[in-house]
Amino acid sequence: ARVSKAKGFMMDGGRVRVGRSRVVGVKAPRRRVARSVGGRTEAVGGLAPLPARGRALPRGRTVVLRGAGRDSGSGGSGSAERTSSDSPSSSSSALKLAALASGAGALETAYLTASKLFSSAVFCPTNGCETILTSKYSEIYGIPVSLFGFLTYAGVSYLSWVAASEGGRRYRDGVLGGATVLASVSAFLGYVLFTQFPGEECAWCLTSVGLSFSTFALALWATAEGDPVKTTLPPVVISPLVVSALVLAFGADGTSLASEEDDFELPYKEPLVTTQSTSEAVLLVKKLNRVGAKMYGAFWCSHCFDQKQEFGKEAMKDFPYVECFPSGWRKGAKEAKACEDAEVRGFPTWVIRGEKIEGDQTLQVLEETADKYLKASDYL
C-alpha cells in the first residue's frame, strides 16, 4: 500500500479521490499506516518517511481508505491506508489457463497433422475418426486443416503465456483475436460434422471444439475491463470474416457445404494393387490364414490400400481381407454384418485370434503377432 500526504481529498463510499499528493512512504511487505502529529508525518509500524520532495502521485488516482481518521493535512490525529484498486491477478490466471488449453490443442493438432502427412493410422476411441479425418473437409488446397489449427493454437498459447508473464496488455488483443479464430473455425467444422456426417463420432474433432471454445472463454475473461463493447467487438468482427473465408476456401476447392443428396452413391470399385510381392509377404499371408486373421477395410480407404500395397499383388490371391462396404457407399449405408460383429471402428482393422490391431501395420508386426498363436504343428 502507498501512504501519502494528501491535500483536499473527498470521501466517496469508502474510496478517496486524491487531488494533488506527494508520496511520503514506500511499499512494505505487510500493512503500513502513517499518522500526522503536530503537523509532522510519522511512520507507524516501521515505515520510514521519504524526504519532503517525494514522487507525486498521478492526478485523479483512486485509492482505498481503510479505518477512521482525518486528513493528515488538517492537523488532527488519525490513520489511513490507501491501496490501489487495480489487480491483474485475475486476468493473469485466465491467460495462463488459456495458454494451457491452447497448448493442449497444439499438441492434438500436431499429432493429427503428422498422421495425415505420413499416412499413419490415427488412434480413435470412437467410430468415425478415420472417415472424417480423411474426408474432403480435412484439407484445403491439399494442406491439412489440422496444420492451420496447430499454427493458430501454438500462436495463441505463446501470446497468452507472454501476456500473463509480463502482466501487461501488449499481447492481449492478439490472444483474443487468435482465440476468436479458433472458436469460429471449430464452430464451422462442428456444423460440417453434424450435417455431413450424421451418426459419426470423432473424438479428436469434439476434443478440439472443447479446447478452442475454452480458450475463447478464457481470453474473454482475461481481456474484460468493464467495457462490453470493447471486449466483444473483435469477436463480432473477426468471426464472420473467418467463416466466410472457410466457405470460400472449401467452395473454391470444389467442396460443397450443402447437405449431401440422399441418392448420392459411391459405387464399389476394388483398387488395383500394383507392387510386387516378396517371398516373405507370400509366406506371411499363409501364416495369417492359419491363425484365422482377418483385415477389415473399405474400398475407399487409403490406409487399407497402402496395407495391400505392402503385401503386393501376388499375395492378394489368398489375402485375408473383408470388405465392409461390398455394395458401395451411400449416405446412411451400413457396414457388412461381419464388420459390425467384429466391432470395427476404423479402417483398416486387423483381428488375429481375438486380438484387435487398428491401422496399417508393418509385415514384421503382423508376423510377430501371428507367431504368438501358432503351434509347432502349424509350421509343418
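This is a predicted model: local features need pLDDT of at least 70, side-chain atom pairs count only at pLDDT 80 or more; totals for chains, interfaces and linings use all residues.
**View 1. The packing of helices H4 and H5.** Two packed helices are described by the angle between their axes and the distance between the axes. Helix H4, residues 172-196, packs against H5 at an angle of about 150°, and the axes are 8 Å apart. Because angles over 145 degrees count as roughly antiparallel, H4 is classed as roughly antiparallel to H5. The crossing of the two helices is left-handed. On the H4 side, the residues in contact include Arg172, Val175, Leu176, Ala179 and Phe194. On the H5 side, Cys205, Leu206, Val209, Phe213 and Phe216 are among them.

**View 2. The open sheet containing strands E12, E13, E15 and E16.** The 4 strands follow the order E13-E12-E15-E16, and their pairing is mixed. E13 (321-323) and E16 are the edge strands, each of which pairs on one side only. On average, neighbouring strands of this sheet are turned by 25° against each other, direction ignored. E12 and E13 run parallel and are joined by 3 bridges; Met295 has Tyr321 of E13 as its bridge partner. Strand E12 (residues 294-297) pairs with E15 in the antiparallel sense, also over 3 bridges. In this pairing, Tyr296 is placed opposite Thr349 of E15.

**View 3. Strand E15 and its hairpin with E16.** In a regular strand the side chains alternate between the two faces of the sheet. Strand E15, residues 349-352, is covered on both faces. Thr349 and Val351 are buried on one side, and Trp350 and Ile352 are buried on the other. E15 pairs with strand E16 (residues 355-358) in the antiparallel sense over 4 bridges. Within this pairing, Lys356 of E16 is the bridge partner of Val351. The hairpin has 2 residues between the strands, and Arg353 takes a positive phi near 50° there.

Conventions
Residues are numbered from 1 along each chain as its sequence is written. Side-chain values use heavy atoms; hydrogens and water are left out. Buried means under 20% relative accessible area, exposed over 50%, partly exposed in between (1.4 Å probe, protein chains only). Two strands pair if DSSP finds at least two bridges between them. Axes are lines fitted to C-alpha atoms, for helices over the stretch in contact, and angles run from 0 to 180 degrees between N-to-C directions. Angles under 35 degrees count as roughly parallel, over 145 as roughly antiparallel, 65 to 115 as roughly perpendicular and the rest as oblique. A crossing is left-handed if the near helix is turned anticlockwise from the far one by less than a right angle, and right-handed if clockwise. Contact means heavy atoms within 4.5 Å.
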